[in-house]
Amino acid sequence: MLEAILALTALAVVFGMLLGFAAVRFKVESDPILDKIDAILPQTQCGQCSYPGCRPYAEAIANGEADINRCPPGGETVIQGLADLLGVDPKPLDEEVGEEKPKTVAVIDEQTCIGCTLCIQACPVDAILGAAKQMHTVIESECTGCDLCLPPCPVDCIEMVEIKAEPTTWKWPFPDNRTSPGEQA
Amino acid sequence: MSNMSETNRKLWRFPGGLHLEGHKGLSTGRPISEAPLPSQLVIPLQQHIGAPTKPLVAAGDKVLKGQMLAQPEGYVSAPIHASSSGTVVAIEERGVPHPSGLAAPCIIIDTDGEDQWCELTPHPEYKQLDPSALRNIIRDAGIVGLGGAGFPSFIKLNPGGHTAVDTLVLNGAECEPYISCDDMLMRERPLAIIKGARIMRHALQARNCLIGIEDNKPEAISAMRAALADMGEKEIEVVVVPTRYPTGGEKQLIKVLTGKEVPSQGLPLEIGVVCHNVATAAAIYLAVEQGKPLISRVVTITGQGAVAPQNLEVRIGTPIDQLLEQAGGTRGNYQLLMGGPMMGFPLHSETLPTTKTTNCLLLAGDADLPPQSSAMPCIRCGECARVCPAQLLPQQLYWHSRAREFDKVQDYHLFDCIECGCCAYVCPSSLPLVQFYRYAKTEIWSQERDKQAADRARERHEFRGFRKEREKAEKAAKHKARAKVVKKDSGDEAKKAAIQAAMDRAKAKREQSAPKNTDNLTADQQKQIDEVEARRAAAEAPAPPAGETSGKEEK
């Protein structure tokens, strides 16, 4: 009887130490699920989800504070991706946060711009180039189309322009159920 | 035909494939004729796989035939040249032959009818040139693969760090039905092709050179063999391969000729083989030995809709409707396709320009295209897998593409699919299989682009956070430093002195700049002023004694 108790106690101590050591030795610094969620989000940094950027939203999802359907730029693809990752059912985009829109970039009307730098300060990805009392311009390739530069502009000289399809970035449409002539190939 | 059994070379077989009706005789009855010079050329800035080009000319510039119009903006790119002399009237978006039907930037030239060449620099002594110098000449001549894909040729002539190239394969198989431009070129210009092959061999330092031609082109085979014999060329061999679609696929032809298989998603160079189209060889000959850049190509115009099907030598940028007119016009109902019935795509307009990759214009009547019917559910017969020349599982690719499972579809090697269309051709349910694969491919590429953009945005956003923190810290440090300085010499004396000095300066300035209209007066005016001043003084004087006043007046 006593031997059994001693043996079990000894085992408990040994495993306890092992687990304690493992907890210190293999400590995970950041939440791995957080990075995975962040990787799915489109990084528009628009704040439409009511969080100040994609990473804070990812944190809120990881902590179970936010739903997965609050990212309008990501739309259905992101919701599906998050649902697959987190093992939950996908749901339609929350109407409260807006709707999925075609991708846009900001374009500054350089004739009207007064060089106030307000948009430069608002841009979450530093995609606007300019200085005080100098004309500003948008680095198109870096613009995420977040719309955040629109409200601060005092002269309304920024316009969001839909990204035009080019032959090089064009996508074949999802085939319909009927074969159309000539596309049998 | 006796010529054809000349070699006993061992041939291999690629898996799958189809025997298709050739329909080549339709367009081989007439010799290659030159399409007339159009009044306006529309030359797209991008006619190749890879990076776009940057225009070197502006609207209003006069250009000569062969002059470079646009230069490459990356490594995988090729310059564009003027197909004739004339004036650049615009650089603007125009419709281009592309499945999307979208517009792309083009250089528009109004031709002057003189067709005057710019200064050419031929290199007949290319054997003395370094292979890399030779590649630069070929690059500057804007030569891209003329078999269809339009990959810049100089890259495929660079063995890079790989071991020596064992075999250069010239692709004269031309397996797709209806297309006959390579066939006619081999019949009529075998010398140019063979000379081009010699140049390529020199650039690659390739040990062997094989020209693969399908056995349904006996005239081309005998013309090429006769030319080789005339030139005494023993190191280049014409190999007759059985007619089977898609033998003209690069990987398939290499398998048939050498028995070697190109690794999945790999390049032929990895197995010591390089494959070029015969028309590309002819273009390289013109570029190197005559200094002429790629400004024209042979285009097949065929199909039931063409009155006089034939091959035309066409300047790049010629509108398609002019070619159709040249080929006797059109008849009946037809659908205009660029390429053949298997891999071609419908064009949205007949006014589009021809490009470097326009090999065939098929005016397809109903009988020219595989029979149409609406798609039915897949019955899992497995015919598609049997005919797939890339040994893929088309059914699995179909399911996963349809379900938008892009990871899984790549597990089934979607990117090894050459879009030959064999699977769709044999599908008893008429499923548009290739369209699903194309959809999945472009969707995956698009996601890849989005992901790269997102990664960049994340990085920039994080850097912005870091920058704002840094600026805050810098500002705080500055404030601290300034506060100290102000405290040090905040003595009232210094401030007052500074204010006084500023006021003095302002006063002096005011005095200096005050207008003085009393300078430089005539004697009369001075006299008048004096009188007025005197009167004013008198009036202002406190009531003087009467006598004095009168006395003054008397004066």
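**Entry 1: words first**

Before I look anything up, I note what a strand is here: a DSSP run of E of at least two residues, while a helix is a run of H or I of at least four, and both are numbered from the N terminus. I also remind myself that this is a predicted model.

**Entry 2: B:N359**

I went to B:N359 and asked which loop of chain B holds this residue. B:N359 sits in the loop between β16 (345-346) and β17 (360-364) of chain B.

Is B:N359 buried or exposed? I found 25 C-beta neighbours inside 10 Å, and 20 or more make a residue buried, so B:N359 counts as buried.

Next I looked up what B:N359 touches, leaving out residues up to four places away in sequence. The partners are B:G148, B:I179, B:C181, B:V299, B:T300 and B:G339.

I then checked a spacing: B:N359 and B:P370 are 11 residues apart in sequence, and their C-alpha atoms are 20 Å apart in space.

**Entry 3: B:Y75**

My next stop was B:Y75, in the loop between β5 (68-72) and β6 (80-81) of chain B. Here I counted 11 other C-beta atoms within 10 Å; the cut-off for exposed is 12 or fewer, so B:Y75 is exposed. From B:Y75 to B:T258 I have 183 residues in sequence and 30 Å in space, C-alpha to C-alpha.

**Entry 4: a sheet in chain B**

What is the order of the strands in the open sheet of 4 strands? I read β11-β10-β9-β12 of chain B, with parallel pairing. The edges are β11 (236-241) and β12 (273-277) of chain B, each of which pairs on one side only. From one strand to the next, the twist averages 25°.

I looked at one pair in detail. Strand β9 (residues 167-172) of chain B and β12(B) run parallel and share 5 bridges. I picked out B:T167, whose bridge partner in β12(B) is B:V273.

Then I asked which strands helix α5 (residues 190-204) of chain B touches as it packs on the sheet. The list is β9, β10 (208-214), β11 and β12 of chain B, and the direction of α5 makes about 150° with that of β9(B). Helix α8 (residues 278-289) of chain B packs on the sheet too, touching β9, β10 and β12 of chain B. The direction of α8 makes about 80° with that of β12(B).

**Entry 5: backbone details**

I found a cis peptide bond joining B:Y245 and B:P246, with omega at about 0°. B:P246 lies in the loop between β11 and α7 (250-258) of chain B.

A:S50 has phi near 80° and belongs to the loop between α2 (32-40) and α3 (54-62) of chain A. B:R404 has phi of about 55°, and its loop is the one between α11 (394-402) and α12 (406-411) of chain B.

How are these residues covered? A:S50 has 13 other C-beta atoms within 10 Å, which means it is partly exposed. B:R404 has 14 C-beta neighbours inside 10 Å, so I wrote down partly exposed for B:R404 as well.

**Entry 6: a helix of chain A**

How many residues does α1 of chain A have? Helix α1 (residues 2-25) of chain A has 24, and I get 34 Å from its first C-alpha to its last, close to the 34 Å expected at 1.5 Å a residue. I looked for buried residues in α1(A) and the count was 0, so this helix is hardly covered.

**Entry 7: where the chains meet**

I turned to the contacts between the chains: 36 residues of chain B are in contact with 26 residues of chain A. On the chain B side, β15 (335-338) and α14 (433-488) each supply at least two residues. Which element gives the most? My note says α14(B), with 15 residues. By class, this side of chain B has 18 nonpolar, 12 polar and 6 charged residues.

**Entry 8**

The model scores ipTM 0.81 and pTM 0.81. For chain B the mean pLDDT is 90, and 94% of its residues reach 70 or more. Residues 1-5 of chain B stay under 50, with 8 contacts beyond four places in sequence. The pLDDT is also below 50 over residues 546-555 of chain B, a stretch with 2 contacts beyond near neighbours in sequence. A reminder to myself: where pLDDT is low, predicted coordinates should not be read in detail.

Conventions:
Residues are numbered from 1 along each chain as its sequence is written. Chains are lettered from A and ligands numbered from 1 in the order in which they are written. This is a predicted model: local features need pLDDT of at least 70, side-chain atom pairs count only at pLDDT 80 or more; totals for chains, interfaces and linings use all residues. Two residues are in contact if their C-beta atoms, placed from the backbone, lie within 7 Å. Ala, Val, Leu, Ile, Met, Phe, Trp, Tyr, Cys and Pro count as nonpolar, Asp, Glu, Lys and Arg as charged, and the others, Gly among them, as polar. The expected span of a helix is 1.5 Å times one less than its number of residues. pLDDT is the predictor's confidence in each residue, from 0 to 100. Two strands pair if DSSP finds at least two bridges between them. Axes are lines fitted to C-alpha atoms, for helices over the stretch in contact, and angles run from 0 to 180 degrees between N-to-C directions.
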